[in-house]
Amino acid sequence: MRQRSRPRDTVHAVVPGGADRPVVMMPDPAATSGAVAVAPWGAPRALYVHVPFCRHRCGYCDFTLVAGRDDLIDRYLEALHLELGAAVPHRAELKTLFFGGGTPTHLSAGQLTCLLRGVLDHVRLETGAEFSVEANPLDLTDARIEALAAVGVNRVSVGVQSFQSQELAILERDHSPAEAVSLVNRLKAKIPNVGVDLIFGVPAQTLDDWRRNLDAALAIEPTHLSTYGLTFEKGTAFWSRRAKGQLRQQPEELEREMYALAIDTLTSAGYRHYELSNFARPGFECRHNQVYWNAESYYAIGPGAASYIDGIRRTNHRSTTHWIDNTRAARGVTKPGFTETLSPEDRAREALMLGLRQLDGIDVRQFEGRFDVALDELAGASIAKLEASGWLERAADCLRLTREGVFVADSVVSELLVAD
């Protein structure tokens, strides 16, 4: 199958002025309505903040992070404040604010409050905005949970990954299944909108093991579930261990069965399969990630963070120490590690690829109006080929993946990224 995503919901509401009180995010009916017609540009209304600290780098992880370097946190907070002031207009109005990592909740309760309030003091969240933070189970102490709730965080994504002890050991996770259940339930008492991340395709995992993970996740009733196939990224410990024969990657056929089981189990339980790796109770889709999938503009700050503004993608240096030193020295205005300006065709082709990650697909008329290009002119031959293969279909005026196409999404994307 090899239709897999990295195990993090990277990438993703408080009323204006309401940072001093918790707000429960209610389901957003607009979030279930499919593609939204927006201008190609416009001021970003989403901000991603990268927090690079973790207690341990798991063997499968290739994200920008540092482990065992808590001595850098205070300098990081200073640098982040400087970059925020330089990169994001004061009082910019946002519809989504997402703190990812790394692990934002690795910070102490006091540092976490400083981080969140520092950003909230600079931007303005519109009424009903989504305010998300990623967390690991053992970081969810009462003090940290209270810190999140006190500033108005209304969505938390928890990296549980598995409810099986043997799988958690392989994945180098430091919590037990019982701890994950207990901590998620404690979190939900303060912030009801909680998502859970799970990984399938773990070495030695059986289909029944995966079924038990899905059942355990459903038992704690999260509003959102992300299911990611385990990837062996070059440069990670898992990549090296696989090369040495210490870990064995699961067969593609088994991974496909696991993915199909997740789709069938979660949709039968009332979750909406709205993106390749993501399932949500209706109205609780991750609106921040939908900004990415709808190819909208967004701000991003922190080491390794990538912004997308006016068709230009800027990615900060991945080295946390390099980013801290440069940002502090330049008082926030630094040269990005990588810059890419997309041509009109590339913007449209990328939006097509990202839009098809969503199970609703893309509204053809909205797409053509937004990017001023006929879809058949952009990729007509490729689309016809994929339709003939049974991987794409048209429903009303939407183009979307078929059930079979979902399992080979990487192949679909590769076909569409090549000009006809």
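Reader: In this predicted model, is valine 156 buried or exposed, and how should I read the value given for it?

Author: The idea is to compare the relative accessible area with a cut-off, and a residue under 20% counts as buried. Valine 156 has a relative accessible area of 0%, and therefore it is buried. This valine belongs to strand 6, which runs over residues 155–161.

Reader: Which residues is valine 156 in contact with, once its neighbours within four places in sequence are left aside?

Author: Valine 156 is then in contact with Val133, Ala135, Leu148, Leu187, Ile191, Asn193, Val194 and Gly195.

Reader: How many residues does the largest nonpolar core have, and which of them have the most contacts inside it?

Author: A nonpolar core is a set of buried residues joined through side-chain atoms. Here the largest one has 97 residues, and those with the most contacts inside it are Leu47, Val49, Tyr76, Leu97, Leu115, Leu352 and Phe367. Helix 8, residues 252–268, gives the most to this core, namely eight residues. Another core, of 14 residues, lies apart from it, and includes Tyr274, Ala305, Tyr308 and Leu342.

Reader: What does leucine 352 touch, if residues up to four places away in sequence are not counted?

Author: Leucine 352 touches Ile362, Phe367, Leu375, Leu378, Ala379, Leu399 and Leu416. It also takes part in the packing of helix 11, where it is one of the residues that contact helix 13.

Reader: At what angle do helix 11 and helix 13 pack, and how far apart are their axes?

Author: Two packed helices are described by the angle between their axes and by the distance between those axes. For helix 11 and helix 13 (residues 375–388), the angle is about 55° and the axes are 11 Å apart. That angle makes helix 11 oblique to helix 13, and the crossing is right-handed.

Reader: At roughly what angle do the axes of helix 11 and helix 15 cross?

Author: The axes of helix 11 (residues 344–355) and helix 15 (residues 409–417) cross at roughly 165°, and they come within 10 Å. Because angles over 145 degrees count as roughly antiparallel, helix 11 is roughly antiparallel to helix 15. Helix 11 passes helix 15 in a right-handed crossing. Arg349, Leu352 and Met353 of helix 11 make the contact with Val413, Leu416 and Leu417 of helix 15. By class, the contact of helix 11 with helix 15 has five nonpolar, no polar and one charged residues.

Reader: Where does the backbone have a cis peptide bond, and what is omega there?

Author: The cis peptide bond joins glycine 101 and glycine 102, with omega at about 20°. Glycine 102 is in the loop between strand 4 (93–101) and helix 2 (109–120).

Reader: What is the phi of alanine 295, and what is the phi of aspartate 310?

Author: Alanine 295 has a positive phi of about 55° although it is not a glycine, and aspartate 310, likewise not a glycine, has a positive phi of about 55°. Alanine 295 is found in the loop between helix 9 (287–293) and strand 11 (299–301), and is buried, with a relative accessible area of 7%. Aspartate 310 lies in the loop between strand 12 (306–309) and strand 13 (312–315), and counts as partly exposed at 46% relative accessibility.

Methods
Residues are numbered from 1 along each chain as its sequence is written. This is a predicted model: local features need pLDDT of at least 70, side-chain atom pairs count only at pLDDT 80 or more; totals for chains, interfaces and linings use all residues. Side-chain values use heavy atoms; hydrogens and water are left out. Axes are lines fitted to C-alpha atoms, for helices over the stretch in contact, and angles run from 0 to 180 degrees between N-to-C directions. Helices (H or I, at least four residues) and strands (E, at least two) are DSSP runs, numbered from the N terminus. Angles under 35 degrees count as roughly parallel, over 145 as roughly antiparallel, 65 to 115 as roughly perpendicular and the rest as oblique. A crossing is left-handed if the near helix is turned anticlockwise from the far one by less than a right angle, and right-handed if clockwise. Contact means heavy atoms within 4.5 Å. Ala, Val, Leu, Ile, Met, Phe, Trp, Tyr, Cys and Pro count as nonpolar, Asp, Glu, Lys and Arg as charged, and the others, Gly among them, as polar. Buried means under 20% relative accessible area, exposed over 50%, partly exposed in between (1.4 Å probe, protein chains only). A nonpolar core is a set of buried Ala, Val, Leu, Ile, Met, Phe, Trp, Tyr and Cys residues joined through side-chain atoms within 4.5 Å.
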